[in-house]
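This briefing covers strand pairing, nonpolar packing and aromatic contacts in one structure. Please read it alongside the sequence and the coordinates shown here.

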Amino acid sequence: MQNMELCRAEQPGLSPAIRCELLPAFDRTDLESVRRAFQSATPCLLQQAWLDEEAPGFSPGVVRTGWRGSSLLVFAELMDTDIFNGATKLNQRTWELGDVFEMLLRSAEKESYVEFHVTPHNQRLQLRFADGRAAERARKMGSLEDVLVGGEAFHSVTWIEDRMCRWYVYAEIPAVAVCGSNESIENSQWRFSFGRYDCARGVKEPIISSTSPHAKPDFHRQHEWGVMTFKIR
């Protein structure tokens, strides 16, 4: 994860605003090809804004975005000293089973939003909330039954480099999965937040982090999410 320190926000506490640019074609199955495609994309660092200092054991991560056609493209590079997750099929409670990369996305014009998880071994959790109240109801009830999304709502690929203590996520999220339509996303705006559950075997609580400057450790505080605008170079 090169030049990590150079990517830190110049104004801590402000929600990120990024220009999400059109990317060239690349081989999505090849890590080096993906890296090259995203190398000039705006980096968003995972942080713990609700803490005065990073938690002991915190491992850094950086997320970059781009777009092609009618899909948002996401590439996350995550440092991790114990890479694991016990999920074995779609829509398990991934955050309770180990390491997770999380994507929260919604159109700036709509209340509904999605929460997508990817594990190091590329298992997914797919949730859609009609609005913030639906998310709060699911949390209080302790049930995801009413908000699960079946099938392949988005495409993802993962890579693990155990010796380097790193894992990577590449994801393609079609506009229809977020906005409900396949219309062009050029010049449109989405709200976004990327988060992480970094777990270690034998440790009860995960270390969580987010690209949003959350005042409290709650990824669903939408007023603190960033804004991305889809542009052509």
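Three bridges connect β2 to β3, and the two strands run antiparallel; strands pair if DSSP finds at least two bridges between them. Helices (H or I, at least four residues) and strands (E, at least two) are DSSP runs, numbered from the N terminus. The model is predicted, so local features need pLDDT of at least 70 and side-chain atom pairs count only at pLDDT 80 or more, while totals for chains, interfaces and linings use all residues. Residues are numbered from 1 along each chain as its sequence is written, and side-chain values use heavy atoms, with hydrogens and water left out.

**The sheet**

- Five strands form an open sheet in the order β2-β3-β4-β9-β8, with antiparallel pairing.
- Its edge strands, each pairing on one side only, are β2 (43-45) and β8 (155-161).
- On average, neighbouring strands of this sheet are turned by 20 degrees against each other, direction ignored; axes are lines fitted to C-alpha atoms, for helices over the stretch in contact, and angles run from 0 to 180 degrees between N-to-C directions.
- Strand β4 (residues 71-79) is joined to the antiparallel strand β9 (residues 166-174) by nine bridges, and M79 stands opposite R166 in β9.

**Burial and the helix on the sheet**

- Seven of the eight residues of β3 are buried, so this strand is largely enclosed by the rest of the structure; buried means under 20% relative accessible area, exposed over 50%, and partly exposed in between (1.4 Å probe, protein chains only).
- Helix α1 (residues 31-38) lies across β3 (61-68), β4, β8 and β9, and runs at about 110 degrees to β4.

**Nonpolar cores**

- The largest nonpolar core contains 33 residues, and those with the most contacts inside it are F101, M103, I173 and W190; such a core is a set of buried Ala, Val, Leu, Ile, Met, Phe, Trp, Tyr and Cys residues joined through side-chain atoms within 4.5 Å.
- Leaving aside neighbours within four places in sequence, the residues in contact with I173 include L72, V74, M103, F154 and W190, where contact means heavy atoms within 4.5 Å.
- A second, separate core has 16 residues, among them A138, L144, V147 and Y197.

**Aromatic contacts**

- The whole structure holds 13 aromatic pairs; rings of Phe, Tyr and Trp (its six-membered ring) pair if their centres lie within 6.5 Å, and planes under 30 degrees apart count as stacked, over 60 as edge-to-face and the rest as tilted.
- The ring centres of F26 and F38 are 6.0 Å apart and the planes stand at 70 degrees, so this pair is edge-to-face.
- F26 lies in the loop between β1 (17-21) and α1, and F38 in helix α1, so the pair ties together parts twelve residues apart in sequence.
- F26 is partly exposed, at 21% relative accessible area, whereas F38 is buried, at 1%.
- F38 also forms an edge-to-face pair with Y170, at 6.1 Å centre to centre and 70 degrees between the planes.
- That pair links distant parts of the chain, with F38 in helix α1 and Y170 in strand β9, 132 residues apart.
- One aromatic cluster comprises F26, F38, F75, Y168 and Y170.
- R124 lies over the face of F154, at 5.5 Å from the ring centre; a charge sits over a ring if NZ of Lys or CZ of Arg is within 6 Å of the ring centre and within 35 degrees of the ring normal.
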